[in-house]
Amino acid sequence: MPFGELAYPMKQLPDEAVAVTFDQKPHGTSTNPRDEAEIARFGKIQRLRRNFGLLSIVGLTCTLMITWEGSLTVFQSGLTNGGPSGLIYGFIFTWIGTGLQALVMAELASMIPLAGGQYNWVALLAPKSCSKFLSYLTGWITVISWQAALASAAFLAGTMIQGLLVLNYDGYNLQRWHGTLLFYAVILLSLFINTYLARLLPKIEGTVLIIHVLGFFCVLIPLVYLAPHGTAKDVFANFTNGGGWSTDGLAFFVGLSTSMFSFIGVDAATHMAEEIEDASTVIPRSMLASVALNGSLGFAMVIATLFCLGDEEKAINSPTGFPFIEVFVNATGSNAGANAMISIIITAMIFAAVGLLATASRMLWAFAREQGLPGSSLLAKVEPRTLLPLYSIGMTAIISLVLALINIGSTKAFNALTSLVIASFYSSFSIAAAVLLYRKLTSTGSDLVYGSFYLGRAGIPILILSLAYSAIGFFFSFWPPTSTVDAVSMN
């Protein structure tokens, strides 16, 4: 199908219209004829195996977002800009904003349950005069965002392992290329699970969800029980402006990247849409459940960690590179106890890379299916025996392996990927949300065919608020951590 040649049905199609004839017969598997009928409305055939249900896709999304673990791994930026109070209020602000984004994407995914996500939504809903341009732009931004997110997760997992080495071996000389090799190990493990163990991926994600929740308590309980506690004033009324910004308010917004990064990936289920049974119903539920569960766990962990923070300056300047490692050592009073707690977070980060590889490769495959990428004819292929987009999976892994080389030259340059992840996710969402808002404002009620999840009259206010939040996140994602910058530290 030529790029951009998609047609959104402005009226509900009769049942007989769904029986579209294709030159190539579908060779994917689905036990629900409704799923195949829904994608057939948009000129698509079932190519992949639908083996994800609600629990397994919630597991993939939650363990890919890893909000409570992620909020600890990027703690340093929020402590420097905003301090303990900035982290708490920033988390609440981001949780609400992400919830608004999730509501909008849930409605869109219910209307158009295709693996291209934002790309497909824009292609089908944008005015014809700019549909191809906007959808092509959105597709590239979304592809880049998921590739960068995978690289970021593998990088964090590798550098956290290095942090453990620094903690336990006084003679260890931390080298950037060590982190790159550990990065490679994480990617290769993720590649193995996504190919040879792909049939087991839904069960693996369901199991990892249990570990995600149980691991939260395994970290929270010893942390709260063993660590010395600060006062409520230390936590709720302690703003820090370590970046040297003109006001504490500006420092607060610069530090929002900590919380925003912890909620990245809420749209993961969308890009797995063509592998989910009853996708138009399950995807909205999984998005909202993931934001609610991860937000609750993340908020509790942020508060607990801040009460147990101890010496804030010592935590920020930890030789391990991660303030939470210093907090864990201070809480348990031993490296052994801290090692056990840190290992839980490293394990979560590794399995986040597994989910990110799955999701990023499906987005790459979906965009290649529309001839949006160089080599699309190859990347869009589905291996008939496994029903997997193996070329897209392989290319996604290769891109991450190449990106890892940046870390050898400069860790700060690689850390800029965090800003890229936030900016690209928020911009692709904003384009899709703006197009939906345009449709709602210019179409009559019967012109848009909604799915099982419909926001009703609340849709327009939610869209406007989500776009305002996304604009703030996009704008501040490019700001450096300090007001004094050079060519290396500037994002």
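Buried means under 20% relative accessible area, exposed over 50%, and partly exposed in between, computed with a 1.4 Å probe on protein chains only. The exercises concern a predicted model, in which local features need pLDDT of at least 70 and side-chain atom pairs count only at pLDDT 80 or more, while totals for chains, interfaces and linings use all residues. Residues are numbered from 1 along each chain as its sequence is written, and side-chain values use heavy atoms, with hydrogens and water left out.

**Exercise 1. Thr80**

Task: State where Thr80 is found, whether Thr80 is buried or exposed, and which residues are in contact with Thr80.

Solution.
- Step 1. Thr80 belongs to helix α4 (residues 75-80). Helices are DSSP runs (H or I, at least four residues), as are strands (E, at least two), and both are numbered from the N terminus.
- Step 2. The relative accessible area of Thr80 is 18%, so Thr80 is buried.
- Step 3. Contact means heavy atoms within 4.5 Å. With neighbours within four places in sequence left aside, Thr80 is in contact with Thr240, Asn241, Gly242, Gly243 and Ile316.

**Exercise 2. Trp245 and Asn81**

Task: Locate Trp245 and describe how Trp245 and Asn81 are related in sequence and in space.

Solution.
- Step 1. Trp245 is placed in the loop between α10 (232-236) and α11 (248-254).
- Step 2. A relative accessible area of 12% makes Trp245 buried.
- Step 3. Along the sequence, Trp245 and Asn81 are 164 residues apart, yet their C-alpha atoms are 8.7 Å apart in space.
- Step 4. The two side chains make a polar contact at 3.0 Å. Such a contact is a pair of N or O atoms within 3.5 Å; within protein, one must be able to donate a hydrogen and the other to accept it, and residues adjacent in sequence count only if both atoms are side-chain atoms.
- Step 5. Not counting residues up to four places away in sequence, Trp245 also touches others, including Leu250, Val254, Trp479 and Pro480.

**Exercise 3. Helices α5 and α14**

Task: Determine how the axes of α5 and α14 cross and what kinds of residues form the contact of α5 with α14.

Solution.
- Step 1. Two packed helices are described by the angle between their axes and the distance between the axes.
- Step 2. The axes of α5 (residues 83-111) and α14 (residues 279-307) come within 9 Å, with a crossing angle of roughly 175 degrees. Helix α5 is therefore roughly antiparallel to α14.
- Step 3. The residues of this contact comprise 21 nonpolar, seven polar and no charged.
- Step 4. The terms are as follows. Axes are lines fitted to C-alpha atoms, for helices over the stretch in contact, and angles run from 0 to 180 degrees between N-to-C directions. Angles under 35 degrees count as roughly parallel, over 145 as roughly antiparallel, 65 to 115 as roughly perpendicular and the rest as oblique. Ala, Val, Leu, Ile, Met, Phe, Trp, Tyr, Cys and Pro count as nonpolar, Asp, Glu, Lys and Arg as charged, and the others, Gly among them, as polar.

**Exercise 4. Ser145 and Ser424**

Task: Identify the helices of Ser145 and Ser424, and the backbone oxygens that the side chain of Ser424 reaches.

Solution.
- Step 1. Ser145 is part of helix α7 (residues 131-168), and Ser424 of helix α21 (residues 411-442).
- Step 2. Ser145 is buried at a relative accessible area of 0%; Ser424, at 5%, is also buried.
- Step 3. Beyond four places in sequence, Ser145 touches Val421, Ser424 and Phe425, while Ser424 is in contact with Ile141 and Ser145.
- Step 4. A polar side-chain atom of Ser145 lies 2.6 Å from the backbone oxygen of Thr142. The side chain of Ser424 reaches the backbone oxygen of Leu420 at 2.6 Å and that of Val421 at 3.2 Å.

**Exercise 5. Positive phi values**

Task: Give the phi of Asp278 and of Gln371, with the place of each residue.

Solution.
- Step 1. Most residues other than glycine have a negative phi.
- Step 2. Asp278, not a glycine, has a positive phi of about 55 degrees. Asp278 is in the loop between α13 (268-271) and α14 and is partly exposed at 23% relative accessible area.
- Step 3. Gln371 has a positive phi near 60 degrees. Gln371 lies in the loop between α17 (335-369) and α18 (376-379) and is partly exposed at 43%.
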